[in-house]
Amino acid sequence: MLICAGRVLTGGRGQYVTDGAVLIKDGLIAAVGSRDEVEALAPADEPRLYYPAGTLMPGLIDAHVHLAFDGGADPVASLEQQDDEALLEDMRARAEQLVRIGVTTARDLGDRGHLALRLGKEIEQGTAPGPRIVSAGIPVTPPGGHCWFLGGEVSGEQEIRELVQRNAEAGAQVIKVMETGGGLTKGGAKSHETQFAPADLAALVDAARAAGLPVAAHAHGVDGITAAVEAGVDTIEHCTWMTEDGIEVRDDILDKIVAKGIHVCPAVSPHWKMLPRFFGPERAQAMFDAVRRMAEAGVRLIAGTDAGVQRAGHDGLIAALEFYEHLGVPNEHILEMATSEAALALGVADQTGQIKVGYSADILVVDGDPLTDLTALEDVRAVFAGGVRRYRPGQP
């Protein structure tokens, strides 16, 4: 397959090939460059697609999704009403929803019964449409802790190590730990409250390292963020800097996050414009300012939506990216957060996140130029995941 476009955004910050082309062979990118150069390498009978007004770019990465949740008013109740097979069928539909908007890699940070791993294998084998799934399996939480209903309740270092090992043996590519509470869990710890003692968190990181896996820490509260940084996790999810009384960004911890190169996924809701209504204008502004401070400090931010929780569908990544534009983050950096930088954080930077020879042909084609107008990402012309065309306009 030869794909030609008015612009090819290779994945580096603002790096274009004007009037470019990409040649796909066996699901991989075989050549990339100017249209004349790449067309000369393509056999005469090679299928060709032309998008003279479009931009060809790496497929997007949503670094924080929950395929097991439906994004409705009460995702937990919906989950509990379904058996595994019914839930898996709905997860297939959500995975297809992701890929139709241009998401070719998604990190699932917590499901029930390793269903996301099953779905990931189906997608890899070509029996279901969807993005590459980087799955955490069952998230680790204390008894009655945040998302306990997913089956990951543990008490003490031994049980923590055993659950990490079970996830690893099932094929998980990351370990998710609920270091603080969260609003999705009724009656559990509050979002700012820490759930694991330092020794337990250290044991979890040690077990994950022994299994060769990174650790993603759900951490809203300042104390939980601090504990996650000290334990040496790889990514911090949400990182909202909550205290009992408000929002407090601690410069000493922020400096450590930057120095250690820890990636932070704020997991911005696609409906971020509604936050002032739910939290009040002052608190919402403080939350926005905390993300701005992280961006200005040089924190390695990556894009994610927390898809599946309340008011967060699996088609909301573009709306979430517009939050960073609202903060004043340059478009080239925003695109990097959703492609090459996210790929690095997810441990797949040698496979995807760039338009580069030898990489998986995970490709998004949009009308217009997203470097000058981020809304161009909404005008999808084609999506390829692993070289397979997964979406075109008008496709049912």
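Because the model is predicted, local features were taken only at pLDDT of at least 70 and side-chain atom pairs only at pLDDT 80 or more, whereas totals for chains, interfaces and linings use all residues. Residues are numbered from 1 along each chain as its sequence is written, and side-chain values rest on heavy atoms, with hydrogens and water left out. Helices (H or I, at least four residues) and strands (E, at least two) are DSSP runs numbered from the N terminus, and two strands are taken to pair if DSSP finds at least two bridges between them.

R118, in helix α4 (residues 115-125), touches E85 and L88 when residues up to four places away in sequence are not counted. R118 is partly exposed at 36% relative accessibility, the classes being buried under 20% relative accessible area, exposed over 50% and partly exposed in between (1.4 Å probe, protein chains only). Between R118 and A63 there are 55 residues of separation in sequence and 19 Å in space, C-alpha to C-alpha.

A second open sheet contains five strands in the order β8-β9-β10-β11-β12, with parallel pairing. Strands β8 (175-178) and β12 stand at the edges with a single partner strand each, so that one side of each is left without a neighbour in the sheet. Strands β9 and β10 pair in the parallel sense over five bridges, and the bridge partner of A217 in β10 is I236. Strand β10 also holds W241, which has a positive phi of about 60 degrees although it is not a glycine and which counts as buried at 0% relative accessibility. Helix α10 lies across β10, β11 (263-265) and β12, running at about 135 degrees to β10.

Two packed helices are described by the angle between their axes and the distance between the axes. For α8 (residues 251-260) and α10 (residues 281-297), the angle is about 50 degrees and the axes are 10 Å apart. The two helices are therefore oblique to each other, given that angles under 35 degrees count as roughly parallel, over 145 as roughly antiparallel, 65 to 115 as roughly perpendicular and the rest as oblique. The crossing of α8 and α10 is right-handed, a term used if the near helix is turned clockwise from the far one by less than a right angle, anticlockwise being left-handed. Residues D251, L254 and V258 of α8 meet R293, M294 and A297 of α10. This contact of α8 with α10 comprises four nonpolar, no polar and two charged residues (Ala, Val, Leu, Ile, Met, Phe, Trp, Tyr, Cys and Pro count as nonpolar, Asp, Glu, Lys and Arg as charged, and the others, Gly among them, as polar).

Helix α7 (residues 222-231) is mostly covered, with seven of its 10 residues buried, namely V222, G224, I225, T226, A227, A228 and V229. The elements covering these buried residues of α7 include α6 (198-210), β9 (215-221), β10 (235-242) and α8. In α8, K256 touches V229 and E230, residues up to four places away in sequence not being counted, and is partly exposed with a relative accessible area of 33%. K256 and V299 are 43 residues apart in sequence and 9.8 Å apart in space, C-alpha to C-alpha. After α7 comes G232, with a positive phi near 85 degrees. A positive phi, near 60 degrees, is also found in D306, a residue other than glycine; D306 is placed in the loop between β12 (300-301) and α11 (317-327) and is buried, with a relative accessible area of 12%.

Definitions and conventions:
Axes are lines fitted to C-alpha atoms, for helices over the stretch in contact, and angles run from 0 to 180 degrees between N-to-C directions. Contact means heavy atoms within 4.5 Å.
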